[in-house]
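Subject: Structure for you to look at

Dear colleague,

I am passing on the structure we spoke about, and below it I have set out what was found in it. Please read the notes with the sequence and the model side by side.

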Amino acid sequence: MAQRLATQYVKAKLQLSVEEMSRFVRFFEDQQIRYGVKVLENGNQEVVLEDLAGREEIRLVFERHQDVYVCVLSCRLVHPGLTNAMRKAVAAFRGDAIVNRIYSNYTMIYHYNKGQVRRIVESAGGTERIVFEHKDTLGQLERQFRTTIIEREIEMVQGTINELLDLRNQTVDEGQLQDIDLRLREATHQLFVLEA
């Protein structure tokens with residue numbers, strides 16, 4: 001198995017509520033990461049994370065916007081302790097990120113959206129290959145189901161129009177013809193709306 005040389009957060013964004021900010025800091029206790037928090041101007045906070053061996057450190061500046069803390073960061077991590085903790089934090093706190101996991105002969109590029117990996121691309125020798133891409137299968141099935149329902153409704157309205165046309169051809173009474181014509185106008189309008 002290839003040895004990872006580094007993990008590079010090309011672009012990462014965390015957006016946390018006040019409550020999530022407290023949980024975010026406590027989260028690193030469970031990951032055995034040292035941390036320190038400084039409160040800056042305007043209520044902004046700087047979170048300093050350091051692995052237990054003291055080999056690696058990153059600073060995350062969270063800017064306060066109303067009741068939300070926003071951190072946009074880019075950094076390069078080498079040691080596994082802090083690397084794994086950051087990966088788990090992005091997932092747990094629904095972060096968006098582009099993360100390069102760098103190996104000697106290739107780079108794996110992970111695209112996170114709301115904490116979930118949506119795409120993985122392998123980059124080697126100037127070429128890229130998609131290894132994984134999230135597909136919204138449930139959403140596709142729901143859209144297909146809705147399309148099927150509309151098609152059935154269109155068929156029912158077309159059947160009603162055909163019956164009304166047959167009835168109109170058989171009717172000679174002027175009052176009934178006006179009623180049939182009114183119902184035909186309503187049905188053709190409904191068909192127009194469904195087909196749009």
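In these notes, two elements are in contact when heavy atoms of one lie within 4.5 Å of heavy atoms of the other. Helices (H or I, at least four residues) and strands (E, at least two) are DSSP runs, and they are numbered from the N terminus. Axes are lines fitted to C-alpha atoms, for helices over the stretch in contact, and the angles between N-to-C directions run from 0 to 180 degrees.

Please keep in mind that this is a predicted model, in which local features need pLDDT of at least 70 and side-chain atom pairs count only at pLDDT 80 or more, while totals for chains, interfaces and linings use all residues. Residues are numbered from 1 along each chain as its sequence is written, and side-chain values use heavy atoms, with hydrogens and water left out.

The overall layout

The protein chain holds four helices and nine strands, and along the sequence these follow the pattern β-α-β-β-β-β-α-β-β-β-β-α-α. Its radius of gyration (taken over C-alpha atoms) is 30 Å, well over the 16 Å that the globule rule (2.2 Å times the number of residues to the power 0.38) gives for 196 residues, so the chain is more spread out than a compact globule. Taken along the principal axes, the C-alpha atoms fill a box of roughly 95 × 45 × 25 Å. Of the 196 residues, 33% are buried, where buried means under 20% relative accessible area, exposed means over 50% and partly exposed lies in between (1.4 Å probe, protein chains only).

The sheet and its helices

The nine strands form an open sheet in the order E2-E3-E4-E5-E1-E6-E7-E8-E9, with antiparallel pairing; two strands count as paired if DSSP finds at least two bridges between them. Strand E2 (33-39) and strand E9 (127-133) are the edge strands, each of which pairs on one side only. On average, neighbouring strands of this sheet are turned by 15° against each other, direction ignored.

Helix H1 (residues 18-30) packs on the sheet, where it touches strand E1 (4-17), E2, strand E3 (45-51), strand E4 (57-65) and strand E5 (68-77), and its direction makes about 150° with that of E1. Helix H2 (residues 80-92) lies across E1, E2, E3, E4, E5, E6 and E7, and runs at about 35° to E1.

Two of the strand pairs can be followed in detail. Strand E6 (residues 96-103) and strand E7 (residues 107-113) are antiparallel and share six bridges, and Arg101 has Met108 in E7 as its bridge partner. Strand E8 (residues 116-124) is likewise joined to E9 by six bridges in the antiparallel sense, with Ile120 opposite Phe132 in E9. E8 and E9 form a hairpin with two residues between them, and Gly125 in the turn has a positive phi of about 60°.

The nonpolar cores

Which residues touch the most other members of the largest nonpolar core? A nonpolar core is a set of buried Ala, Val, Leu, Ile, Met, Phe, Trp, Tyr and Cys residues joined through side-chain atoms within 4.5 Å, and in the largest one, which has 33 residues, they are Tyr9, Phe24, Phe28, Leu49, Leu60 and Phe62. At least two residues of this core come from each of E1, H1, E3, E4, E5, H2, E6 and E7. Leaving aside neighbours within four places in sequence, Phe24 is in contact with Leu14, Leu16, Leu60, Phe62, Ala89 and Phe93. A second, separate core has nine residues, including Ile154, Val157, Ile161 and Ala187.

Single residues to look at

Gln66, in the loop between E4 and E5, has a positive phi of about 60° although it is not a glycine, and with 75% relative accessibility Gln66 counts as exposed. Lys114, in the loop between E7 and E8, is also not a glycine and has a positive phi of about 50°; its relative accessibility of 58% makes Lys114 exposed.

Arg64 belongs to strand E4 and, at 34% relative accessibility, counts as partly exposed. Leaving aside neighbours within four places in sequence, Arg64 is in contact with Val18, Asn42, Gly43, Asn44 and Tyr69.

With best wishes
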